[in-house]
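Please open the structure in your viewer and keep the selection tool at hand. We will go from stop to stop, saying what to select and what is there.

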Amino acid sequence: MPLTIYQVDAFTRTPFSGNPAGVCILTEPAEPDWMQAVAREMNLSETAFLHREKDGYNLRWFTPAVEVDLCGHATLASAHILWETEQLSPDETAVFHTRSGKLTAVKTGERIEMDFPATLAEPAEDFVAVVDALDVRPLYAGKSRFDYLIEVEAEDIVRNLTPDFSRLKETDARGVIVTSRSGSDAYDFVSRFFAPRVGVDEDPVTGSAHCCLGPYWQGKLEKDQMVGYQASPRGGTVHVRVEEDRVHLGGDAVTVMVCELRVDV
């Protein structure tokens, strides 16, 4: 039976900006190789696959190259589709069971807010190859369970980065977050995210990176609520609220495409 796959732009209200994600709602679990093949066919930074369980949805995320442990924008896209297709009512909480534990999402007005685990960065010692590939002088170099975190002096440095992706691909982390204080009053900090090791040279807007950025900038700015802007060519805004060991990520989403997959599971 044909399956429907939705393409959603996440962390934006404007089509063709933010971060596009595929969302495929299954009637039963699928084989990982099949999901990986579909994700490769979609060729988006992540495609989400979910199926109903009695107390929520099992959710998995695949880049074109690998399955990943945590993904913010494809979770946002999945929740958006569940509400848009009326599989959940607007006042219901979207509950997801994932490789990173239980994640939830709620509607707060027009925005969606997700509850994610914080991923704290600790000072890194083995960062020389990373900053050489970025060609930057870091104010701080750290590493979370997933990614390197590099702070640089100014927003224009973040925006003008042209990394050596072949060298970044050799780093021993999922990806590299580069960040600075924002140069405008509209945002508290800016960032970009590079992950060639998992098949995504630059991710347009990375929710999971803000699980690290939130606690980091909370400590520097002494604020629990912040607004981050990911300054990729597509760009997107992430509202961040840090609460103990959890990070609440808020954003918008818009469906841009509905496709019929004509290959059976």
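Buried means under 20% relative accessible area, exposed over 50%, and partly exposed in between. One thing to keep in mind on the way: this is a predicted model.

**Stop 1: a charged pair near the end of the chain list**

Select arginine 241 and glutamate 243. Their side chains form a salt bridge, with the closest N and O atoms 3.2 Å apart. Is arginine 241 buried or partly exposed? Its relative accessibility is 22%, so arginine 241 counts as partly exposed. Glutamate 243 is partly exposed too, at a relative accessible area of 43%.

**Stop 2**

How many salt bridges does a search of the whole structure find? The count is 16. Select aspartate 9 and arginine 234 for one of them, where the closest N and O atoms are 3.2 Å apart. Aspartate 9 sits in strand E1 (residues 3-10), while arginine 234 is in the loop between strand E15 (225-230) and strand E16 (236-243), so this pair ties together parts that are 225 residues apart in sequence. Show the surface and compare the two partners: aspartate 9 is buried, with a relative accessible area of 1%, whereas arginine 234 is partly exposed at 30% relative accessibility.

Next, select aspartate 172 and lysine 143. Their side chains meet in a salt bridge at 3.1 Å, N to O. This pair also links distant parts of the chain, 29 residues apart: lysine 143 belongs to strand E10 (residues 140-143), and aspartate 172 to the loop between helix H5 (165-168) and strand E12 (175-181). Aspartate 172 is partly exposed, with a relative accessible area of 43%, and lysine 143 is partly exposed as well, at 23%.

**Stop 2: the nonpolar cores**

Now select Leu50, Trp61, Phe96, Met114, Leu149, Val240 and Leu249. These are the residues with the most contacts inside the largest nonpolar core, which has 54 residues. Which helix gives the most to this core? Helix H2 (residues 72-84) does, with 7 residues.

Stay on valine 240 and display its surroundings. Leaving aside neighbours within four places in sequence, valine 240 is in contact with residues including Phe189, His210, Met226, Val247 and Leu249. Then move to Ala124, Ala173, Val178 and Phe194, which are included in a second, separate core of 20 residues.

**Stop 3: a threonine and its polar contacts**

Select threonine 98, in strand E6 (residues 94-98). At 15% relative accessibility, threonine 98 counts as buried. Draw two distances from its side chain. One goes to the backbone nitrogen of serine 100, reached at 2.9 Å. The other goes from a polar atom of the threonine 98 side chain to the backbone oxygen of glycine 101, at 2.8 Å. Not counting residues up to four places away in sequence, threonine 98 touches Leu59, Trp61 and Leu103.

**Stop 4: aromatic rings**

How many aromatic pairs does a search of the whole structure find? There are 7. For one of them, select tryptophan 34 and phenylalanine 49: the pair is edge-to-face, 6.1 Å centre to centre, with 65° between the planes. Tryptophan 34 lies in helix H1 (residues 32-42) and phenylalanine 49 in strand E3 (residues 46-53), so the pair ties together parts 15 residues apart in sequence. Both tryptophan 34 and phenylalanine 49 are buried.

Tyrosine 216 and tryptophan 217 make another edge-to-face pair, 5.4 Å centre to centre, with 80° between the planes. Tyrosine 216 counts as buried at 14% relative accessibility, and tryptophan 217 is buried at 0%.

**Stop 5**

Cysteine 71 is buried, at 3% relative accessibility. Cysteine 259 is in no disulfide either, as the nearest cysteine sulfur, that of cysteine 24, is 11 Å away. Cysteine 259 counts as partly exposed, at 27% relative accessibility. By this rule the count comes to 0 disulfides.

Conventions
Residues numbered from 1 in each chain as written. Predicted model: local features only at pLDDT ≥ 70, side-chain atom pairs only at ≥ 80, totals over all residues. Heavy atoms only, no water. Disulfide = S-S within 2.5 Å. Buried < 20%, exposed > 50% of the residue type's maximum accessible area, 1.4 Å probe, protein only. Salt bridge = Lys/Arg side-chain N within 4 Å of Asp/Glu carboxyl O. Helix = DSSP H or I, 4+ residues; strand = E, 2+ residues; numbered from the N terminus. Core = buried A, V, L, I, M, F, W, Y, C linked by side-chain atoms within 4.5 Å. Contact = heavy atoms within 4.5 Å. Polar contact = N/O pair within 3.5 Å; in protein donor to acceptor, adjacent residues only side chain to side chain. Phe/Tyr/Trp six-rings, centres within 6.5 Å; stacked < 30°, edge-to-face > 60°.
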